[in-house]
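Hi,

Here's the structure I promised to pass on. Have a look at it, and then read my notes below.

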Amino acid sequence: MITTRRSNGLQTESTRGGLDLLEREAVNYEQTAPERVESMDEAKARMQRNLDKLLNYDRYSEMEAEKSAVIEDAPQIREAAYSDEDIRPTTTTTQFIDGDPQIFNDAAKSKSDEHVGYKLNAKGKVVVVLYALVVAVILALITLNTGVLRTLSADVNSLSATYAAKTAAIEQQNAIIAEISSPSHISEIAENQLGMVLGN
């Protein structure tokens, strides 16, 4: 049986079948520096920056494009070799210079086509008039109902005030009646004014 030994930290164990098993020692992977805990204010600021970037992504992309354009526009010394083909205008540009009558005719036709408006026939005019009448009637009914409701609410308020006054008068009358019909008052009037004597 052969056992091998290595100096790089691996251990060998002999097995019964004559084969060796190599096992590596467990390595402890600890973080050397603890993670910094973000405070509530820092988290809010970070979230606000992210939200601002999301809502204004087009502005930030323009700013990035401007930065790259500034970098690209940095003065660089290059010798440009332009050919006559690069400088000469295209045929699309020169067709207006030459005064091609076909193009001007097409432009005039497109201008005349743009002025076509919509016209109502008799049936459409009747529908519009009926619709306007319905709207006017509805608005008149709303105004009339508002006036009627105001009048009715004023009548209800005056009747409520009258009812409250009559109720107070009735309560006052009932109090007077209750006082007069009490047995002590009746016996007092019978003895003092009428000269009656209470019998046993």
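Let's start on the surface: Tyr 131, Val 134, Val 135, Ile 138, Leu 139 and Ile 142 make up a nonpolar patch there, with about 580 Å² of accessible area together. A patch like this takes residues with over 30% relative accessible area and no salt bridge, joining nonpolar side chains (Val, Leu, Ile, Met, Phe, Trp, Tyr) within 5 Å and like charges within 9 Å. Areas are Shrake-Rupley values with a 1.4 Å probe, and for residues only the protein chains shown count as cover.

Bear in mind that this is a predicted model: local features need pLDDT of at least 70 and side-chain atom pairs pLDDT 80 or more, while totals for chains, interfaces and linings use all residues. Residues are numbered from 1 along each chain as its sequence is written, and side-chain values use heavy atoms, leaving out hydrogens and water.

Ile 138 sits in helix H6 (residues 122-180) and is partly exposed at 45% relative accessibility. That label lies between buried (under 20%) and exposed (over 50%), with a 1.4 Å probe and protein chains only.

The chain has seven helices and two strands, which are DSSP runs numbered from the N terminus (helices: H or I, at least four residues; strands: E, at least two). Of its 200 residues, 2% count as buried.

How many salt bridges are there? The count is one, taking a side-chain nitrogen of Lys or Arg within 4 Å of a carboxyl oxygen of Asp or Glu. Glu 38 and Arg 46 form it (3.0 Å, N to O). Glu 38 is partly exposed at 36%, and so is Arg 46 at 33%.

Cheers
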